[in-house]
Amino acid sequence: MIRTVISIALPVDERLLIQKNVISHGTGKKRICIVTGTHGDELEGQYVCFQLNQIVKENLDKLNGTIEIYPALNPLGIDSITRGIPNFDLDMNRIFPGNPDGTMAERVAYAIFQDLQGADMVIDIHSSNIFLREIPQVRVNVNTAERLVPYAKLLNTDFIWVHEAATVLEATLAHSLNTAGTPTLVVEMGVGMRINHGYGNRLVTGIFNLMHELGMWSEQDESHLISRPVVSVADKVSFLNAEASGIFLTEIRNNIIVDKGEEIGCIVNPLTGEVLQEVTATVHGLLFTLRAYPVVYQGSLLARIHQLDES
């Protein structure tokens, strides 16, 4: 059943609609919410929502509880291929829990936050931006790690990154919900403005696996299909940044193990043919983030590596 979370008037006789699809079956009281589209240039979640809707509707007898699917928390951003809310120059994921008496954006954030509260689990799906490519991963605040990491391990991703509290932005949807007692996991994968079907299918499998553990989905997933993710804390992550401005060239892909000193790529000057920087791994570990957009400036993030113990 399609339900409207909030409807607000826009100029030229139009309305901003935030909608969700609510699917309930059985006697179960558990409720899981799948949200995405907070950033208009992050599209991986659109495919996941489509697949979840199709599979649940075709296998409704396996559902015992309620799944709510919110494909577009920022529909104006999606329509205009804009990361934030267009005309407001505002990142929607920096204004939660919102304000019922505030600006239009704050009222929308408040309505979404209130609608999600009380769920047994919220999965907040993001892509990377257009500059970086991320392997499927779950990001968790260290303050909620004890509670949430066991659930994160069920989602069929390759990596769980436990952030230090100092790096967490308090006005995000996930932080606001977790603080209010609604468990929320943030999934990050792929690259901005693109859809990776393989990543999406893996997450769909993981969501059903999580639902089974919550007692909401009767079909037992084959455990060998669920990835066992690497769990990392912030001090185990090494950042590689550009030391010069130019074009970043690489022949490798992320989600591989690299050795300390191994070549990642190089930054070049196309005008002179000069190699400005040889980019090498600073540690032995899992390369889980890699630059996707070739134009870089001094300080641009090129890669992230989770340091592994060398045997």
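Glu-44 is found in helix H1 (residues 44-58), where helices (H or I, at least four residues) and strands (E, at least two) are DSSP runs numbered from the N terminus. The model is predicted, and local features were accordingly taken only at pLDDT of at least 70 and side-chain atom pairs only at pLDDT 80 or more, whereas totals for chains, interfaces and linings use all residues. Residues are numbered from 1 along each chain as its sequence is written, and side-chain values use heavy atoms, with hydrogens and water left out. With a relative accessible area of 1%, Glu-44 is buried, a term that stands for under 20% relative accessible area, as against exposed for over 50% and partly exposed in between (1.4 Å probe, protein chains only). Leaving aside neighbours within four places in sequence, Glu-44 is in contact (heavy atoms within 4.5 Å) with Ser-127, Met-189, Gly-190, Val-191, Arg-194, Ile-195 and Asn-196. For Met-189, which is 145 residues from Glu-44 along the chain, the separation of the two C-alpha atoms is 7.5 Å.

Helix H6 (residues 197-213) comprises 17 residues and spans 24 Å from its first C-alpha to its last, close to the 24 Å expected at 1.5 Å a residue, the expected span being 1.5 Å times one less than the number of residues. The buried residues of H6 include Tyr-199, Leu-203, Ile-207, Phe-208 and Met-211. Just after H6, Gly-215 adopts a positive phi of about 80 degrees. In the loop between E8 and H6 lies Met-193, whose phi is near 65 degrees, a positive value in a residue other than glycine; at 33% relative accessibility, Met-193 counts as partly exposed.

The peptide bond from Phe-96 to Pro-97 is cis, with omega near 10 degrees. Ile-81, although not a glycine, has a positive phi of about 55 degrees, and this residue counts as exposed at 55% relative accessibility.

The buried residues of helix H4 (residues 145-152) are Ala-145, Leu-148, Val-149 and Ala-152. These residues lie on the same side of H4, since they cover an arc of only 110 degrees around the axis, the arc being that of the directions from the helix axis to the C-beta atoms. They pack against E6, strand E7 (159-163), helix H5 (173-179) and strand E8 (184-190).

Strand E4 (residues 65-70) is largely enclosed by the rest of the structure, because 6 of its 6 residues are buried. In a regular strand the side chains alternate between the two faces of the sheet. Both faces of E4 are covered, with Gly-65, Ile-67 and Ile-69 buried on one side and Thr-66, Glu-68 and Tyr-70 on the other. Strand pairing requires that DSSP find at least two bridges between the strands; E4 is joined by 5 bridges to strand E2 (residues 14-25), in antiparallel orientation, and by 5 bridges to E3, in parallel orientation. Ile-67 in E4 is the bridge partner of Ile-23, while Glu-68 in E4 stands opposite Cys-33. The side chain of Glu-68 also makes a polar contact of 3.2 Å with that of Arg-31, a polar contact being a pair of N or O atoms within 3.5 Å, of which, within protein, one must be able to donate a hydrogen and the other to accept it, with residues adjacent in sequence counted only if both atoms are side-chain atoms. Arg-31 is placed in strand E3 (residues 31-35) and counts as buried at 15% relative accessibility.

A search of the whole structure finds 5 aromatic pairs, for which rings of Phe, Tyr and Trp (its six-membered ring) must have centres within 6.5 Å, with planes under 30 degrees apart counted as stacked, over 60 as edge-to-face and the rest as tilted. The rings of Phe-131 and Tyr-293 form an edge-to-face pair, since their centres are 5.4 Å apart and their planes stand at 90 degrees. This pair links distant parts of the chain, 162 residues apart, with Phe-131 in the loop between strand E5 (121-127) and strand E6 (132-141) and Tyr-293 in the loop between strand E15 (285-291) and strand E16 (295-296). Phe-131 is partly exposed at 34% relative accessibility, and Tyr-293 is partly exposed at 37%. Phe-208 and Trp-217 form a tilted pair, at 4.5 Å centre to centre and 35 degrees between the planes, and both residues are buried. One aromatic cluster is formed by Phe-159, Trp-161, Phe-239 and Phe-288.
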